[in-house]
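Thanks for coming. I will talk about charged side chains and how they pair. Please have the structure open as we go.

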Amino acid sequence: MPISLTPENGNIYRLEILGTLRSRELADCQNILTGEMGRVGAVRLLVLLEGFEGWEPRDDWRDLTFYAKHGDAVERIAIVGDDEWRGRMLMFAGSDLRKAPVEFFDEGSVSAARSWLSR
């Protein structure tokens, strides 16, 4: 599975995306995260793009159910990846629509992203 969700520390969760992201796999991770939110409350996400190749173009990416129901339960999102994905990933994460801050960090800046999440 090219996407995985792992608890890190307290309410921080690591979301690793490898290769091409598919909507079904994202939905599965969102369902797991919804359960975690019920257990720990609001969460902070560390998104690691590893060899990210974009989004599966044949998938339907219009479903905003998770964002509408749980968007306010995400306190911060730190995205770490190749700078080529900065603009598209910030748009995909809804950075301009969220109350919570979303920051993009260049590859190799995982420590800085973790520090920012912990503020």
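Let's start with Asp60, which at 43% relative accessibility counts as partly exposed, in this predicted model. The side chain of Asp60 meets that of Arg62 in a salt bridge, with 2.9 Å from N to O. Arg62 itself has 70% relative accessibility, so Arg62 counts as exposed.

Salt bridges with shared partners also form a network, and its members are Glu8, Arg14, Glu16 and Arg114. One link I can give a distance for is Glu8 with Arg14: their side chains meet in a salt bridge at 2.7 Å, N to O. Glu8 is at 28% relative accessibility and therefore counts as partly exposed.

Next, a pair inside a helix. Where do Asp28 and Arg24 lie? Both are in helix H1, which runs over residues 23–40. They sit 4 residues apart, about one turn of the helix. Is Arg24 buried or exposed? Arg24 counts as exposed, because its relative accessibility is 51% and the cut-off for exposed is over 50%.

Finally, the total. How many salt bridges does the count come to? The count comes to 11.

Definitions and conventions: Residues are numbered from 1 along each chain as its sequence is written. This is a predicted model: local features need pLDDT of at least 70, side-chain atom pairs count only at pLDDT 80 or more; totals for chains, interfaces and linings use all residues. Side-chain values use heavy atoms; hydrogens and water are left out. A salt bridge is a side-chain nitrogen of Lys or Arg within 4 Å of a carboxyl oxygen of Asp or Glu. Buried means under 20% relative accessible area, exposed over 50%, partly exposed in between (1.4 Å probe, protein chains only). Helices (H or I, at least four residues) and strands (E, at least two) are DSSP runs, numbered from the N terminus.
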